[in-house]
2 protein chains.
Amino acid sequence: MIVSDEEDIPGLVRLVEMGSRDGLQNEPADVSTDDKITLIRFLNETGLTGIEVGSFVSPKWVPKMADSGEVYDRIEKRVGVSYPMLTPNLRGLEAALEHGVREVAVFGAASESFSQKNINCSVAESLDRFEPLCKQALEAGLAVRGYISCVMGCPYDGPTDPAKVAEVAARLDAMGCYEISLGDTIGTGTPLETKRLIRAVSDAVPVERLAGHFHDTYGQALANIWSALAEGVTVFDTAVAGLGGCPYAKGATGNVATEDVVYSLEQSGIDTGIDFDRLMAAVDFASDIVGREPVSRVGRAVRAKRGA
Amino acid sequence: MIVSDEEDIPGLVRLVEMGSRDGLQNEPADVSTDDKITLIRFLNETGLTGIEVGSFVSPKWVPKMADSGEVYDRIEKRVGVSYPMLTPNLRGLEAALEHGVREVAVFGAASESFSQKNINCSVAESLDRFEPLCKQALEAGLAVRGYISCVMGCPYDGPTDPAKVAEVAARLDAMGCYEISLGDTIGTGTPLETKRLIRAVSDAVPVERLAGHFHDTYGQALANIWSALAEGVTVFDTAVAGLGGCPYAKGATGNVATEDVVYSLEQSGIDTGIDFDRLMAAVDFASDIVGREPVSRVGRAVRAKRGA
C-alpha cells in the first residue's frame, strides 16, 4: 500500500512503542510498578501494535527494570499486539520463558568502543553470545527482534561506517531476527546520512525487515523517519511524550516522541492505526508520572492550545 | 549545484534569518536597542546572507519594533548580505527610503479570516494596497520580498487550499517580488502537505523564486524543509535559538531554529555558508537577551555537552 497520490511513499506504517522500557529506564523519576502497568493500559488503548514492556537484565545493572517480570505478568496482552522484552543474555531468556513472553529483543552495537564500554566485549563477541540465545528462543517458538545501536554515530568513536552496520545487521538476520531496528543512539544522524545508511544496510538485509529507531537529540528524528520512509522502511520505534533522555548529553532529548510521528504521518495521509486523542491521553499520563511536560512539540502545542 | 551522490537534492541552500525581527517581536522579553544591534553583529559573523532587521510599522501596533529605524542605522551592512525591513504600507516604505534601506518585505495571507483579523481587510484588498507600494519600491531601486502567511493552515479557517496560495503568490510575483516566502504560520503542515503545496505553487511561480518559512510548533519544520528541498526550494527562513513563540499556542515553539537547520544540512553535505561555531555564539547571546534556553534541539544538545 502506498499513499495514493505520492507513489514513492508507503501508506502504512507500524510504530513500536519504546516509552515503557527505553523511555522510563532513562528518566530520572522513579516510576512505581502500578504506574508502569497503567501506562501500558493507556498505550493499549491507542491502537499501537508493538509495546516494549521491559528488560530481563540484572537489577544490579538496571535497577529501574527490576519489576519488568511483574509488569509483564500483570498487563493485558491484546491479540495482534506484540509485547517484546529485552533479553541481553541466556539468563534473561530463561526469565522470559518463565513469564511466558512471546517476543524477545537482543541488542548489538555498530561501534567497538560503545560495545566495550557498555557490555565489556567486542561487537563480534556480543554477536557470538546472541547465537545460542536466538537459537533457543526460536526453538521455543518466540519471535526475536534485533537492535543495533550507534548506527550513525558513537559517543566515543564519532561517525559510524554504514558498512559496519550492514555487517552486524546481516549477522542478526542470519540468527533469525524477524526485524532489525537501526538505532541512532546519540541522535546525531541527518536525513541524507539516513538515506545512505538504509541503502547500505538494505543491500545486506531486505528493507522490509528493517526498522528505524531515531533519537531526537539534535532535532533530526522526524526528518530522518521521512528519509527512511522514502527508502521503503515502514517500521519505526518511538516513545510516548518523548520519554527517556540522552545519557550522553544531559538535559537533551532522547527517543523521538510517538505523538510527533503520528501527527506527521496521519496528517500526511499515512495510516498508523493509532488514535491521536487516545495517544494524547497516554502522553498526559506519561508526563504526570515522570513529573514534567512532554518534550514533544506536538504534545506541548496540543496541551498549550487546550489550556488556552 | 547538487549534492554529489544524491542527484535530486540541491547542494546549496540560503537561509534568511528571522530571529532579529519575527523572533524578537514575538518574545515576551523586552530587548534593548543595543542588544538588538549586538545580536545582528553576532549574526553578521556567522556567514548568513540575509538578516531581517525590523519593521516600519506603527509603534502603536507593534511597540517592540519602534526602534527598528535606529537599529537599521547602527548595524554594519556587509557587502553580499541583505537586511530586509518589513513595510506593511506606504508610510512604512517612506520610512524605509529615509533610512536608506535596500530591501523591503510585504506580508500577504492565504486565509481570509486571518487577513481580516490581522489587518482588517480581505486578501484581495491587501494585495491591492501592495501594488503601489511595490511599484514605488522598485522604482526607487529597492528589492521587494513577499511573504504569504497561513500557507498550510489558519488558526481560524483550518487547512489552506494550495490553489489559494498559488493565486496569492502569482499576484506578488506579478508585482515584482524577487522571492516569495511561504509561511506555515501556525506550524501545522506536514511533509507530504508541503510537497503538494510546493508543487501547486510552482505551477504559478518558478520554484527558484520560492522560499520556505516553517514554524516548528508541531515539530514538522525540519522535515518540511527536507520535503521542500526535494522539490527544488533552496531558500528557507529560520530564527537563531528558535526566537519567537507561537501566538496561537502560548508556550509552544515558533520559527524553526537556524542551528537545527544548519546542523542538518551541513552534516548531510549541503552548503549553507554558515559557520556553526559562530552560529552557536549567536545562539548563546540570543538566549541571554531573552532570558531562556534555546528551544532548538541542537542548541540544547550542544550546550548540554559543553556543560558536561
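Start by selecting A:Ile37. Its relative accessibility is 13%, and it counts as buried because the cut-off is under 20%. Bear in mind that this is a predicted model.

Show the cartoon around A:Ile37. The residue sits in helix α2 of chain A, which spans residues 33–44. Beyond its neighbours within four places in sequence, A:Ile37 is in contact with A:Val71, A:Arg74 and A:Ile75. Then pick A:Ser20. From A:Ile37 to A:Ser20 is 17 residues in sequence, and their C-alpha atoms are 9.0 Å apart.

Move to chain B and colour the strands. Eight of them form an open sheet with parallel pairing. Read across the sheet in the order β1-β10-β9-β8-β5-β4-β3-β2. At the edges are β1 (14–17) and β2 (54–55) of chain B, each pairing on one side only.

Next, select residues 103–109 and 143–149 of chain B. These are strands β4 and β5, paired in the parallel sense over seven bridges. Which residue of β5(B) is the bridge partner of B:Val104? Pick B:Val144: that is the partner.

Now zoom out to both chains. Chain B superposes on chain A by a rotation of 180 degrees, with 0.0 Å of shift along the axis and an RMSD of 0.0 Å. The two copies are therefore related as by a two-fold rotation axis. To find this axis from chain B, select B:Ala223. Its C-alpha is the one in chain B nearest the axis, at 2.1 Å.

Last stop: the interface. Why do the copies meet through the same surface? Because 100% of the interface residues of chain B are also interface residues in chain A.

Note on methods
Residues numbered from 1 in each chain as written. Chains lettered and ligands numbered in written order. Predicted model: local features only at pLDDT ≥ 70, side-chain atom pairs only at ≥ 80, totals over all residues. Heavy atoms only, no water. Helix = DSSP H or I, 4+ residues; strand = E, 2+ residues; numbered from the N terminus. Buried < 20%, exposed > 50% of the residue type's maximum accessible area, 1.4 Å probe, protein only. Contact = heavy atoms within 4.5 Å. Pairing = 2+ DSSP bridges. Least-squares fit on C-alpha atoms with pLDDT ≥ 70 in both.
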